[in-house]
Amino acid sequence: MRNSNAVIETNDLSVVYKGGRKPVHAVSGLDLRVNEGEVVGFIGPNGAGKTTTIKVLMGFLFPTSGDARVFGATAGSLAARRRTGFLPEVAVYYPFLTARETLALYATLLEIPSSEQEKSIARLVETVGLSGRDREPLRTFSRGMLQRIGIAQAIMGDPDLLILDEVTSGLDPVARRDLRQILLEFKSRGKTVFFSSHELSEVTLLCDRVILIDEGKVLEERPLRKLLESMRRLVVTVTGATVPDPLPEDVTLRNAGENRLTFVAETQSAQTQLLQQLENAGAHILEMFQESGSLEDYFVKVVGHKVT
Amino acid sequence: MGTYAKKLVALARVTVLESVRRKDAYVVLILGVAMTLGAGIFSRFGVSGVEKFVKDVGLTVTSMFSIIICVIAAARQLPTEIENRTLYPLIAKPIDRSSFFVGKLLGVAVIASAVVIVFFILLRLILLAFSIPVGAVFYQALYLRVVSMWFIAAGVLCLSLFTTHAATATISLLVCLAMQMFAHTIIYVHDELTGISLRLAEAIYWLAPHLELFDLSKKVTHGWPPIAGWVLALMTLYALIYSGIFVVIGCLRLRRMPL
Amino acid sequence: MRRRALALGAALVVAAVLARITAPRLETEAHYKPSEFEEAKESIALSLMGQLRMSVGDLMWLKTLEYLHNGIIYRPPTKRERAQGVRAVEFTGMGAGVAHADGPSLVPDAERDWRGILGDINRQIEPYRPGHARHSDPQELIPWYQLLTKFNPNYIQAYTVGALFMSDFAREPEKARDFLKAGAQANPWSFEIQAALGRLYFDYFEEYREAGDALQKAVELAKKERQYLAERDDHLDEPQTQLLNEAYLFLARSYTELGRYEDALSVCAEGSEKLQYPLLRVQERIIKKRMAP
């Protein structure tokens, strides 16, 4: 059973960017909570406020109003950062340093004793699949390799919380799989992971809970399992019937073939209505099954209409 | 070494490594060679009296280029880190922003001091090659120039948090290279000023950082005796105070700066 | 880094080529009057490189004054100081047509310094000595004059003063002669250089024919210069006047040494009429004495 202590907590968090013609409300009254041991996916369309929120949690930005706390301490405080590993969206490290030197720098900042740094770096280099390239300058690294360095520095020191911004950006499928394994391993040890990603398939594979944000506000916050369950739909293939007019709400005609029609009903009420209509029309049901919905379907359903 | 000091040294080391690996240090060598050649050419005048000339040219080149290198290195540090976002993974670690500022200052000051020392060594070798003697004042000039580098680095780093990279470098170079002219002008016009202009001129004089007071090159050139120890002590204190002021301002600015 | 070095190198090459191209613009046609040329030099239309060279030359001239005073910078007295009776000490160089005045030092004396501890430190850091200016060994200035003429071959004073120091202090009159000849080639209109050359031939080489030729040329050029200035309500400055006085005097002496007493008397008469230089009258009496059987 998971400990319900909040690792991340925001209360009415607002961040307003001033300086342009009009102030930009990047985050407005955001309330979110991430408990210990959870893996939470933080999703939303571009410009929703995900990176701004993460920057506040890391102390790069300061709240205009409201509150953000990490491990009970003010977000961005030394106490919070001591237990947090962070992977930024864009991997930028000193191009003139080698991978080893880069990790050694971060190890020193993490107060890892010098005697343990060598072992720790060697282990990390192997974990992220950079063995053999660790003594080359980072300017020779590809974007994917730099992201691996980023993962290495994020998990260095075995933090209790990992915050990842656009976690799989720039990673090839192999690297993505490796990262997934790292995060699952973190999760199995009771660590907390909070990450934003546009790769909803990764969110589906990793997360316990999903927070959907748009225009700086939380739209939905649900355990992933329940969310996906709510996205299950009924697929019915019938013969001997015509397309009902009007079609019930949340029912779509997927396929119209030779004397057969395939309907998809998204919601429970739509399923009931559809079956009723088909029965009344004397349709003969050839096939009927429940189909799993995807997070992408959910995402598009909730925010897709706003993107034009 | 305590963990805090280790962090500062780690940041400083990165700054120095960057300068070395970007081959900025090669500029020092090229300039040093140019200095040597220049002095060699002038020695072919074949008239006596060239000793002061060689010392003068050597010290002028040393002062000017060490200031230029210090300003350019310092002006680039923080804006580049912020612009390139290399700052984020660093600040994400348990290091406060003030320590980051101090670590960067340490790195720049080490680079600039090393440049000054290399220049002075090269100059000393040139003077030895031409059998030109120097007094203890030469080494005092070296000491004050190194101290001034710390002072300049702190000021430029602080300024870089308020303006763009290019503006920082331009303003800093203007201040550094024109400071003596400014100080002399105020002394000269002081007699002619009255009222509020006088008070303002005096206030500016007292507040402005007097870099020209770290320049012993004229005394070295013209063979003056070494200066009193209390002057060196006082100028060190002066540099420490001003550096401290710049560090405090810089840290306060960086602490509340949205990144 | 490599690209930057290449760009810098290319910029230096372009600058050197530009300097070479603009250099001929500073060479003159023989028919230009010296003062016309002086006025033209002030024109920015002439060339920017020319302007740069003149500015650098002026800065170097200031540098020589600094060297002369062992690094101590002197300044003219302010209005208030003049009202209190503070005066600059005048120095006039012999045979070089140069003069300068040493006022109080730029770094004030402790009694007159409002800057407190900063003033005390300043007096330690910068060369400073209370009291009147003292001059250092003039030989130390010679490299600067040579460098100055490389930057600006039209800096007349650099040639005349440099040659004076080479001959009088460094005891190298041959170098002084070569230096002045180079100056004369770059500035064929300059009576000052011809006068200095003539003096050198007279004092150090005792080559009175060459001295006479140079000094005669100096006198002729000076006449043109004076005429030009007079048309504009102007006149030679004090150092130039002194140089011209001595040109007449030493021309007369050269002719005297060569036994050309009539020519010598003629020069004395002309000089006395134009310049009212008393030593010419003395020279006249010397010539007449020599002429006497």
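Guide: What follows is a conversation about terms and the values behind them.

Guide: This is a predicted model, in which local features need pLDDT of at least 70 and side-chain atom pairs count only at pLDDT 80 or more, while totals for chains, interfaces and linings use all residues. Residues are numbered from 1 along each chain as its sequence is written, and chains are lettered from A and ligands numbered from 1 in the order in which they are written.

Visitor: Why is Val146(B) called buried?

Guide: A residue is buried if 20 or more other C-beta atoms, placed from the backbone, lie within 10 Å of its own, exposed if 12 or fewer, and partly exposed in between. Val146(B) has 20 C-beta neighbours inside 10 Å, and therefore counts as buried. Its place is in helix H6 (residues 136–160) of chain B, where helices (H or I, at least four residues) and strands (E, at least two) are DSSP runs, numbered from the N terminus.

Visitor: With which residues is Val146(B) in contact, leaving aside its neighbours within four places in sequence?

Guide: Two residues are in contact if their C-beta atoms, placed from the backbone, lie within 7 Å, and on that basis Val146(B) is in contact with Ser113(B), Val116(B) and Ile117(B). The C-alpha atoms of Val146(B) and Val116(B) are separated by 6.5 Å, although the two residues are 30 residues apart along the chain.

Visitor: What makes a nonpolar core, and how many residues has the largest one?

Guide: A nonpolar core is a set of buried Ala, Val, Leu, Ile, Met, Phe, Trp, Tyr and Cys residues joined through C-beta atoms within 7 Å. The largest has 200 residues, and those with the most contacts inside it include Cys70(B), Ala112(B) and Ala247(C). Apart from this core lies another, of 11 residues, with Val236(A) and Phe263(A) among them. As for Cys70(B), it touches Val108(B), Ala112(B), Met149(B), Ile152(B) and Ala153(B), not counting residues up to four places away in sequence.

Visitor: How do you know which chains touch, and which pair has the most contacts?

Guide: Among the 2 pairs of chains that touch, the most contacts are between chains B and C. Chain A and chain C do not touch, their nearest C-alpha atoms being 13 Å apart. The contact of chain A with chain B takes 22 residues from chain A and 23 residues from chain B, and H3(A) gives the largest share of the chain A side, 4 residues.

Visitor: What makes the passing of H10(C) and H11(C) left-handed or right-handed?

Guide: A crossing is left-handed if the near helix is turned anticlockwise from the far one by less than a right angle, and right-handed if clockwise; H10(C) passes H11(C) in a left-handed crossing. These helices, residues 208–231 and residues 238–257 of chain C, pack at an angle of about 145°, with their axes 9 Å apart. Axes are lines fitted to C-alpha atoms, for helices over the stretch in contact, and angles run from 0 to 180 degrees between N-to-C directions.

Visitor: Why are strand E6 (84–87) and strand E10 (217–223) of chain A called edge strands?

Guide: Two strands pair if DSSP finds at least two bridges between them, and E6 and E10 of chain A each pair on one side only. The open sheet has 6 strands in the order E6-E7-E8-E3-E9-E10 (chain A), with mixed pairing. Strand E7 (residues 161–165) and strand E8 (residues 192–196) of chain A pair in the parallel sense over 5 bridges, and Leu164(A) stands opposite Phe195(A) in E8(A).
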